[in-house]
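Thank you all for coming; I would like to walk you through one structure, slowly and in some detail. Please take a look at the sequence and the model before I go on.

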Amino acid sequence: MKSQGVCEFESVVEGDIKQKFVARVPAEIDRSRVRFMQGDACALPATLAPLDCLLAANLLCRLPEPMAFLERCRSVIKPGGVLVLVSPYSWLKGWTDKSKWLGGYYKDGKPVRTAEMVTCVLSPDFDLVAQEDVPFLIREHARKFQWGCSQAMVWKRKGKVV
């Protein structure tokens, strides 16, 4: 997408039948300002910092070490920068060992909620500036979709902006 401005991909229609599509970046977008990386969200490289914005969309409850990710956000997002967390909080043992879940369980007979845990972890270094539910739709194939609702939280890094 960055180098050519286009990316071909396939989508399942049904069974083994697929349809080809092309995603295109609008010509007025300056692609030189973006950087694509693939890696481990629980071990963000030091060379990544400092960031103006980090988007973690439907990621938190799929990480093996979600706390490590949140703690790393403190050091990769610069003061005044923004962290956008979007998650349905659908914790599953197949993705995250239950001992590492940030919520979705009971402790001493009381429910532990992910949003409250995230707030406890981030609030010393970030201010919560927006929060809302965001519906999403995942297409599996032409006649099967998953509908869900994630909670979006927008956090602004505290500290003096340089």
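This is a predicted model: local features need pLDDT of at least 70, side-chain atom pairs count only at pLDDT 80 or more; totals for chains, interfaces and linings use all residues.

Let me start with Asp-108, which is exposed, with a relative accessible area of 75%; here buried means under 20% relative accessible area, exposed over 50%, and partly exposed in between, with a 1.4 Å probe and protein chains only. Asp-108 is placed in the loop between β5 and β6 (110-112), where helices (H or I, at least four residues) and strands (E, at least two) are DSSP runs, numbered from the N terminus. Although Asp-108 is not a glycine, it has a positive phi of about 55 degrees. Asn-58, which is not a glycine either, has a positive phi of about 50 degrees; Asn-58 lies in the loop between β3 and α1, and at 33% relative accessibility it counts as partly exposed.

Residues are numbered from 1 along each chain as its sequence is written, and side-chain values use heavy atoms, with hydrogens and water left out.

Now to the charged side chains. How many salt bridges does a search of the whole structure find? The search finds six, a salt bridge being a side-chain nitrogen of Lys or Arg within 4 Å of a carboxyl oxygen of Asp or Glu. One of them is formed by Asp-52 and Lys-78, whose closest N and O atoms are 2.6 Å apart. Asp-52 lies in strand β3 (residues 51-57) and Lys-78 in strand β4 (residues 77-87), so this pair ties together parts that are 26 residues apart in sequence. Asp-52 counts as exposed, at 51% relative accessibility, whereas Lys-78, at 33%, counts as partly exposed.

Another salt bridge joins the side chains of Arg-74 and Asp-125, at 2.7 Å from N to O. This pair links distant parts of the chain, with Arg-74 in helix α1 (residues 66-76) and Asp-125 in the loop between α2 (114-122) and β7 (126-141), 51 residues apart. Arg-74, at 26% relative accessibility, counts as partly exposed. Asp-125 also meets Arg-157 in a salt bridge, at 3.9 Å from N to O. Since Asp-125 lies in the loop between α2 and β7 and Arg-157 in strand β8 (residues 144-157), the pair ties together parts that are 32 residues apart in sequence.

The charged end of Arg-157 sits over the ring of Phe-126, 5.6 Å from the ring centre; for a charge to sit over a ring, NZ of Lys or CZ of Arg must be within 6 Å of the ring centre and within 35 degrees of the ring normal.

That brings me to rings that pair with each other. Rings of Phe, Tyr and Trp (its six-membered ring) pair if their centres lie within 6.5 Å, and planes under 30 degrees apart count as stacked, over 60 as edge-to-face and the rest as tilted. By this rule the count comes to two aromatic pairs. The rings of Phe-9 and Phe-21 have their centres 5.5 Å apart and their planes at 20 degrees, so that pair is stacked. It links distant parts of the chain, Phe-9 being in strand β1 (residues 6-14) and Phe-21 in strand β2 (residues 17-24), twelve residues apart. Phe-9 is partly exposed, with a relative accessible area of 38%, and Phe-21 is partly exposed as well, at 33%. For Trp-91 and Trp-101 the ring centres are 6.4 Å apart and the planes are at 25 degrees, so this pair, too, is stacked. Both Trp-91 and Trp-101 are in the loop between β4 and β5 (105-107), ten residues apart. Trp-91 counts as buried at 8% relative accessibility, and Trp-101 counts as buried at 10%.
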